[in-house]
Amino acid sequence: MSKLTPVLSANWDQKDSFTFEAYKRNGGYTAIAKALSMKPDEVIQTVKDSGLRGRGGAGFPTGNKWGFIPQGDNKEHYFVVNADESEPGTCKDTPLLMANPHVLIEGIIIGSYAIRANHAFIYIRGEITHVVRRVQQAIEDAYKAGLLGKNILGKGFDLDLVLHVGAGAYICGEETALLDSLEGFRGQPRLRPPFPAIAGLYAKPTVVNNVESVASVPAIINNGVAWFTAMGTEKSKGFTLYSLSGHVNNPGQFEAPLGITLRELLEISGGIRTGHKLKFWTPGGSSTPIFTDAHLDVPLDYEGVSAAGSMLGTKALQIFDETTCIVRAVLRWTEFYKHESCGKCTPCREGTWWLVQVLKDLEAGRGSEADLDKLLDLCDNIMGRSFCALADGAASPIISSLKYFRQEYLDHLAAGKCPFDPMTATLFESAGVK
Amino acid sequence: MSIQELGADQQVQVEMITCVIDGFEITVPKGTLVIRAAEKLGIQIPRFCDHPLLAPAGACRQCLVDIEINGRAFPKPQASCTIPVENGMVVKTQLTSPVADKAQKGIMELLLINHPLDCPVCDKGGECPLQNQAMSNGRAESRFEGVKRTFEKPVAISSQVLLDRERCVLCARCTRFSEQIAGDPFITLNERGALQQVGIYEEEPFDSYYSGNTVQICPVGALTGTSYRFRARPFDLVSTNSACEHCASGCAMRTDVRRGKTLRRLAGEDAEVNEEWNCDKGRWAFKYEVAKNRIKNPMIRDSSGQLQEVSWPEALAEAANGLKNSRSGVLVGGRVTIEDAYGYSKFARVALNTNNIDFRARLHSQEELEFLATAKTNATYKDLDNADHVVLIGFEPEDESPIVFLRIYKQVHKRSIKVTSIAPYASRGSEKLKANLIKSASGSEVSAISALSGLTSKSVVLVGERISETEGGLSSIVKLASDTGAKLGWIPRRAGEKGAIAAGALPNLLPGNRLISNSSARVDIAAAWSVDSVPSEIGLSTEEMINSDLQALLIGGIDPMDISPEAKIKLAKKFIVSLEIRQSDITDIASVVLPVAPVVEKSGSFMDWQGKVRKFEAAVDQTLNRSDVRILSMLADEIGKPINLPTVNSARVEFESIGSWDGEVSTMKLVVGAGNKAINNDEAIISSWRNLLDKGSLQDGEENLAGTARKSKVVISQSRAKSLNVSDGDLVRVSNNYGAVTLACQISDIDESSIWLPRNSLNSQLIRNLGVVSNSVVKVAKA
């Protein structure tokens, strides 16, 4: 029996799943009626009790975040959704919003009601124009249905929802950089404290939640805390989207309880590319330390992945088989971080600039073993020294790759070149397109 | 545990925090940042982005230290410039934590990978925080073998500031200064990653009056002053603390001299005055000292009317001859030091036996004379820090006293305090202060002043010298201050005016604010000067002396075009002894010219607008030029009535020993204001003030500075523009019987009856061009 628990993705196979009608048909927009009949604090308590944790990477309890918003402060509150999904490998929010944008809107209405916000924003990645259009249409439909705007469902609750399109910066996925960008400034992380819950958007109390976290709320309201906590593990409750990509036969989104293992997910997804074997993988996007075939049975929940030396992150499982050169893969990621470093702090800005140059030499087989130690020491000077977590994400794959595949780096140096044929790692190679 | 910090009117309880840094316990006020607490112990944590007067950024990461609180350690090193101390905090800096030490060395290595390391040709080399801290907290050798990023260099971000982007460590001090302190966010960081760079918006140049501060606080050689670039190495310079001679703000300065030549001036530090800032005029306008027309030797006019260089004895004899036994007076000028003003004051009374002395080389009135002799103007910067409301009357702080502007802006930025300005229109400075504008035509301010309400004893009323151009203006201000209890500050433009009042360089005043009309005050001074008596008759004012039939005048540094268009012609008929630095309109007509030293070549002191004495020593020593007071003393000897002030120091000691008047004080006779002027449709009431950067003679010779002066424009109202059928930028002609000025117009929310022009800027030198500067009807037409 499949271990999958489709909730958010339950109706993705319906042709019109993204439409307002389909969402209603499938039981959508029933949770808001329930939520708006509750006291806002009860909604917060329900989400707290469910143990729902942030699906954007850090895993912070969503209900607690909502509870931090000071109430009765006579200030405007803002509810902001982080849809700036841009990390290599991470690809859950984009399909979710394509196939089911209304579940997010319903979650936003509930969340805004809970924290007593009358303005909500979706900050969406600018490159995904097709998703922008779809979400925009969904918002219009929700307005038409009276689910956004004044006096929603006659409960006296007003909410305006604005879709804001980013301009193509990975750093704007960092919540304070996102807020700066939303305010019209260059996206660079802000100094904390004050935290967004106290002084966020326009210096007002603000919640910033990931798309998937917010989208999970309607189901919790509808089905109850017990239903949600029955799934998952002790400290990682509920279901989540696992995104498998790379050298798997059947890549895609797999919605399963937290704590499932890669071995199980591979069974469901048709296994590693036929004729090949697993070499390494990321548990949660390119910023999380890599795993190898020794980690097939690590429970993919917040604690399990952490105990094995990585992070659950966005549950973006990029799978690489034995044809992949680890040095090349790490270099590609590092180039991404160099390109996306916002420039605010020294270790990230200068460090990524330098890391790329060192890795390029190593991939080309130039250098000596001492360069590997230098690379590690350099990562040590970057990791945990920067303003935000971007640089940690840049150093993590390098450190972990050297931990598991040092010999492969040395092989490059011994050969004076990369010993791999990159063509063999491409997915079209086996189909004969050369 | 607590200490008490003295506020203006109240004592503020400050909670104290005790923490341990590198094993040493220290107690500091709550809110103190770790990096600052460490400084108090003498522990220097390296830093770049941190600056005590800017909000923390945490960007450079150079100041990483290990911190634990009540036994719980942070998992990674923290930026000590962003974290306030807490009770139970234990901090380990690079001195005691190997992790912090390695973190700092790592950051330094990273900062240097893209730095050109061109120290041998960089202006900053030798005084560079990056260079110094790379030595103290960096690795001996870099492990970077790759390719550095490069940029085209330099980029002129204004005519006076150049940017070498590849040297920049992106600490954002300059951009934060411009935004947080100056309110001129014309530079910003753009691009990202290692390509991030300081940039300007092409359509909005970096024309901040305070741009020089960004050069000074740049911790590397990325921002350099155009005029100083490649001129000197820091280790060849001799630095002297000095004071600024440009305005009454009173900035502490540092003057850097190499082989007798001033090469640069920097803002000095004084928390009670300019904090660490100054304006671009104070920083860069010093080339007048080395101008070609400097007067080096005494001169007398020969029979053919030509000035001829002569010996000092010959010149002094000629001057004494012309002055003694004639009805004479003294025009001091507004730029004198206290010591020199005291010399002039004593010289007039003792050597010339007259009270004909006035420092006011500008428009002035009898009402002002009364005001200056009697009004209590004792507001301070500290009062601005604590003010609930600041009222500006006839005073544009950004143009006329730029550090006063910074202090008001600081509180507007920090506490959103209320600012009210009585002016014809909202200047850029007044917009930056978010001032509530009470639009008033020049000459009609009295009704606006009388209508002010809501002032408290925490309010500060700042008055500019220009209000003397409005009849009844100062009287209504005195009444306002006494009715409301608000603190009053009178802020002249020139650095010497406040000191000249104290020294008694006025026709109705003796040193130490003693009224000439008061007989015991006269006795006081006569005793101090060991003379039988001082003259008891009130003397003539500047204008009266010029218009009078006085035969001889002793004139310090003045420009007759600051007073009236006919002043020079009238003065030319008199026997003039001129004490001057450079050739001027006065030396042109003088019979005797005696060279005196500019500020950098002499010692002395200015009195700032608060009344605080700003003492300075000579930066360029061993010049042959002397301060005015020494020459006056020699001249008095020659006349045979010695004033016995052979040195600056002797003048200072004598002046200080006299002290301030503590006897009976008189109050001002209040003057009633005039009504509004009637004007026709094609007429307007002219209003003006001097822009900070303009044709002022002390800015001569500094083209880079002049490059950022604001463009001369005539400001007109929307409805006037409509009736003239002009739009923004079209030429408008302003004229009267005397002459005309034609300038591009700026349509703005100005009082309907008024137009505004800069008083002494390019193509708009109003006394020269129109004979009037304010409070007068002019014709306005499309050009």
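1. B:Cys174 counts as buried, at 9% relative accessibility; buried denotes under 20% relative accessible area, exposed over 50%, and partly exposed the range in between (1.4 Å probe, protein chains only). The residue is found in helix H4 of chain B, residues 173–181. Helices (H or I, at least four residues) and strands (E, at least two) are DSSP runs, numbered from the N terminus.

2. The model is predicted: local features need pLDDT of at least 70, and side-chain atom pairs count only at pLDDT 80 or more, whereas totals for chains, interfaces and linings use all residues. Residues are numbered from 1 along each chain as its sequence is written, chains are lettered from A and ligands numbered from 1 in the order in which they are written, and side-chain values use heavy atoms, with hydrogens and water left out.

3. Setting aside residues up to four places away in sequence, B:Cys174 touches B:Ile187, B:Val198, B:Thr214 and B:Leu223, contact being heavy atoms within 4.5 Å. B:Leu223 lies 49 residues from B:Cys174 along the chain, and their C-alpha atoms are separated by 8.8 Å.

4. B:Arg149 is also to be noted as buried, with a relative accessible area of 4%. Its place is in the loop between helix H3 (129–137) and strand E8 (155–156) of chain B. The side chain of B:Arg149 reaches the backbone oxygen of B:Ala194 at 2.5 Å. Beyond its neighbours within four places in sequence, B:Arg149 has contacts in both chains, including A:Glu350, A:Trp353, B:Glu166 and B:Ala194.

5. Concerning the interface, 36 residues of chain B are in contact with 31 residues of chain A. The buried area between these chains is about 2,800 Å², of which carbon and sulfur atoms give 51%; this is the accessible area (1.4 Å probe) that two parts lose on being put together, summed over both. In chain B, B:Leu110, B:Arg143 and B:Arg192 lose the most area to chain A, together 26% of what that side buries.

6. Between chain B and chain A there are 7 salt bridges, each a side-chain nitrogen of Lys or Arg within 4 Å of a carboxyl oxygen of Asp or Glu. One of the pairs in a salt bridge is B:Lys102 with A:Asp377, at 2.9 Å from N to O.

7. On the side of chain B that touches chain A, helix H2 (98–113) and strand E10 (187–190) are the elements that give two or more residues. The largest share, 9 residues, comes from H2(B).

How values were computed:
Polar contact = N/O pair within 3.5 Å; in protein donor to acceptor, adjacent residues only side chain to side chain.
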